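This report covers cavities, sheets, hairpins, aromatic pairs and backbone exceptions. The sequence and structure are shown below.

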Amino acid sequence: MPVVVVESPAKAKTINKYLGNDYTVLASYGHVRDLPAQDGSVNPDQNFEMKWEVGSSSRKHIKAIADALKEDDTLILATDPDREGEAISWHLQETLTKRRAIRASTDVRRVVFNAITKSAVTEAMKTPRTVDAPLVEAYLARRALDYLVGFTLSPVLWRKLPGARSAGRVQSVCLRLIVEREMEIEAFRTREYWSVGAVLTTPRRQTFEARLTVLGGRKLGKYDLESQAAADLAVQAVRARALTVTSVEAKPAARNPAPPFMTSTLQQEASRKFGFGARQTMSTAQRLYEAGFITYMRTDGIDMAPEAVMAARDEIRARYGGDYVPAAPRMYKNKAKNAQEAHECIRPTDMSRDPGKLTGLAKDQRDLYGLIWKRTIASQMEAARLERTTVEISSADGQVGLRATGQVVLFDGFLRVYEEGRDDSAAAGDDRLLPQVTAGEPLEKGDITPEQHFTQPPPRYTEATLVKKMEELGIGRPSTYASVVTTIQERGYVRKDKSRLFPEDKGRLVTVFLTNYFRKYVGYGFTADLEAELDRISAGDADYKAVLSQFWRDFSAAIAETSELRITDVLEKINEVLEPHLFPPGEDGADPRLCPHCGAGRLSIRTARAGGAFIGCSNYPECRFTRPFGPPGDGDGQNGPDDRVLGDDGGDAISLRNGRFGPYVQRGEPGDGGTKPPRASLPKGWSPDDMTLEKALMLLDLPREIGPHPEDGAMIEAGIGRYGPFVRHGRLYANLKDVEDVFTIGMNRAVEELARKAASRGNGRAGAMKPLKALGEHPESGGAVNVMDGRYGPYVKWEKVNATLPGDMNPADVTIEMAVQLIAEKAAKKGTRRRRKS
């Protein structure tokens, strides 16, 4: 039987269902080879030779494919239809050839399909081709570029900027966007302005609202009313005059639907509608694709196959009637520059399958499928027809003018099914329904109210708006958006809080360093141009080694120029660049960098060994003044050595302080020999404002002795460590859920917690813990697959592989197919880490 190879077992299962027993369908479980994470994996001196290594977790999958080829001499590579999919096919062909599993007589075919449906798969099997060399070369160029930047620039960061972890060709540019947006916000100065609104009544006793647009005979600008005093004068001017309708203008308008989804717009809308991160959106879409519900989800394309367009129009007519079907199909033009990679939009494979017909799927999959179905159907529906009305009102002398606007939906069209989300709020008043008024009619004045406003800084990026910005700048591609956004968070350069992205200290420092010493390589234009070069390679219009050679010549020279840089020089340069932000001039004109504690030292950036930064005095250790990284007063406050005394205990002053790692309490002062006094950091959730002498002594007295263990008499202690609150017996540690437990836990519960921890160790773990849900045997390799409850949330367990469930996935909704996919992804990551250690 011909051997068909795809990436995942879920995809294999779906395809096997369509092809039947005449084919052997196997999964490669993603990429089978990778560049070892060590120097020399890409060698510029040997014409950019690349050394690939088969992952330890991939060897058994390669062996299974090789064994199957002993029975049949036909290999069909059916991986995804993009650069990554083409690369996996190429890696498989290369690896199997080296193993001599592919012989001279072996018929190797490459087939691609944009949707995993019976018709798409069987049609693809009729039109095989060879592996696309330009697409593979574009992949090789991207991997080489990313490797050369990461493995050459990251060591420079480690040496020159302690605490920095890594740099990347695209991730550093993405980080720059977030840092620069934060600096815009910090530099923003709020401006006050006022507006005046009036409630007016028609002769038919109908009321509506209007806003002041003309004062003193001239059009009001946004900031013309700068204070309440000016607004009050405007209110008096309106009250003192009779008002009349001067004109009523009603204009018809049409609103067209948004095009169907491509990768970036799907990520943006899933974030707006459901709060999904980029990675969650893509992993959910992957499962829908592999199950045959949607077309391929990594695409720049927004066009739709003609048969899909007609199916959508038929579905609209059947569900909503002929009035909702436009006279001609809507055509959308692709944005993708390279026709070879301009895949179809993301759409349902069956237009008649609405979300209500999907059963057995997790909630996140149902939600995302519903979003895709609605957007696709709406994209082929009739436009919404509106009527927008503007009413102009003025006084007889022309000194005062007001305007009211509103609109009414005459025909809802596509709005019946779907309305695109927005990243900003709509202008107030646009959707109001105005009463019937006629020019020349007098209006009765009701409440006339001044309203205070303040200008707002630009909003911080969400994952969705960041992807949108990356797309606008031409940075990254559909296959990389999610991984780039995720990487900068995993590196600790960016944190996400309530869906907004905030740069961490070390992320800000890395960006300033790179923009000063490698400005070209974190430039938006340069990065976009390099992406365009990769597109030219994939189209067969550029030689990938020539592109690499040109890049490396300039980049290696830039690296060499930094060899003599000293850390002190780097920090002083960062001080200089960030001075307006870190040390803004005060109103008294004093030197903002003069230490406020000793009056002699200079304030500057200091880096901590664990990463991050703080502001410290140049007279350290004589002066121990520190404050958080950022502008003065931009944290928990600045701190000298005598910050706040909480009380006295046995002659020792107990004080609350704020150091480079956050607030802590201290007993006494350093000794003459430089010995450090007892200190204890405030645990998570404890506010410095709530600290008392009693609480401080509780922390300083840790670890707390609970009593001797009933079995061996060894002391059981409770404390707070690096990973949070714990109870300890010898070398056995058991985590506690709440900090307060450290101070209240008794002997019985402590022994229970320790026993539970002991039972969960080693080979007894699976037996000691009861699964949340038993899923059955692994379909490929055997062995029980269970959903378990762990310290960091629910996870899927199979043998020694533990895969954490995505945030919004309910353990009760997990199926064996979903679990196998999560296990495969986790196993692949574990294999990569093992290679890096070798």
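## Conventions

In the residue classes used here, Ala, Val, Leu, Ile, Met, Phe, Trp, Tyr, Cys and Pro count as nonpolar, Asp, Glu, Lys and Arg as charged, and the others, Gly among them, as polar. The model is predicted: local features need pLDDT of at least 70 and side-chain atom pairs pLDDT 80 or more, while totals for chains, interfaces and linings use all residues. Residues are numbered from 1 along each chain as its sequence is written, and side-chain values use heavy atoms, with hydrogens and water left out.

Helices (H or I, at least four residues) and strands (E, at least two) are DSSP runs, numbered from the N terminus.

## Cavities

A cavity is a set of points, on a 1 Å grid over the protein atoms alone, where a 1.4 Å probe fits but cannot get out; lining residues have an atom within 4 Å of a point. Grid points are joined across faces, edges and corners, and a volume is the space filled by probe spheres set on the points. There are 2 cavities of 30 Å³ or more, and the largest cavity has a volume of about 70 Å³.

The lining of the largest cavity consists of Val149, Leu153, Gly168, Arg169, Ser172, Leu514, Tyr521, Val522, Phe526, Phe551 and Phe555. Two or more lining residues come from each of helix 5 (133-160) and helix 16 (544-560). By class, the lining of the largest cavity has 8 nonpolar, 2 polar and 1 charged residues.

Strands are taken to pair if DSSP finds at least two bridges between them. An open sheet of 4 strands with parallel pairing runs in the order 2-1-7-8. Strand 2 (24-27) and strand 8 (107-110) are at the edges with a single partner strand each, so one side of each has no neighbour in the sheet. Direction ignored, neighbouring strands of this sheet are turned by 20° against each other on average; axes are lines fitted to C-alpha atoms, for helices over the stretch in contact, and angles run from 0 to 180 degrees between N-to-C directions.

Helix 1 (residues 9-19) packs on this sheet and touches strand 1 (3-6) and strand 2, its direction making about 170° with that of strand 2. Contact here means heavy atoms within 4.5 Å. Strand 7 (residues 74-77) and strand 8 run parallel and are joined by 4 bridges; Leu75 has Val108 in strand 8 as its bridge partner.

A second open sheet to note has 4 strands in the order 25-26-27-28, with antiparallel pairing. Strand 25 (704-708) and strand 28 (732-735) are its edge strands, each pairing on one side only. From one strand to the next the twist averages 25°.

Helix 20 (residues 747-760) packs on this sheet, touching strand 25, strand 26, strand 27 and strand 28, and its direction makes about 105° with that of strand 28. Between strand 26 (residues 715-721) and strand 27 (residues 724-729), which run antiparallel, there are 6 bridges. Ala718 has Val727 in strand 27 as its bridge partner.

## Other strand pairings

Strand 15 (residues 442-454) pairs in the antiparallel sense with strand 9 (residues 192-201) over 9 bridges, and Ser195 stands opposite Glu451 in strand 15. Strand 12 (residues 243-255) also pairs with strand 15 in the antiparallel sense, over 2 bridges. Here Thr244 is opposite Pro442.

Strand 14 (residues 400-411) runs antiparallel to strand 10 (residues 207-215), with 4 bridges joining them; Arg211 has Arg403 in strand 14 as its bridge partner. Strand 13 (residues 384-395) is joined to strand 14 by 10 antiparallel bridges, with Ser394 opposite Gly401. Strand 13 and strand 14 form a hairpin with 4 residues between them, and Gly398 in the turn has a positive phi of about 75°.

## Aromatic pairs

Rings of Phe, Tyr and Trp (its six-membered ring) pair if their centres lie within 6.5 Å; planes under 30 degrees apart count as stacked, over 60 as edge-to-face and the rest as tilted. The model has 20 aromatic pairs. In one of them, Phe518 and Phe555 have ring centres 6.5 Å apart and planes at 45°, so the pair is tilted. Phe518 lies in the loop between helix 14 (505-517) and helix 15 (524-538) and Phe555 in helix 16, so the pair ties together parts 37 residues apart in sequence. Phe555 is also one of the residues lining the largest cavity.

## Backbone exceptions

Most residues other than glycine have a negative phi, and most peptide bonds are trans. A cis peptide bond joins Leu702 and Pro703, with omega about 0°; Pro703 lies in the loop between helix 18 (693-700) and strand 25. Asn47, a residue other than glycine, has a positive phi near 55° and is placed in the loop between strand 4 (42-43) and strand 5 (49-50).

How values were computed
On a 1 Å grid over the protein atoms alone, a cavity is a set of points where a 1.4 Å probe fits but cannot get out, and a pocket is an open set with protein on both sides within 12 Å along at least five of seven lines; lining residues have an atom within 4 Å of a point.
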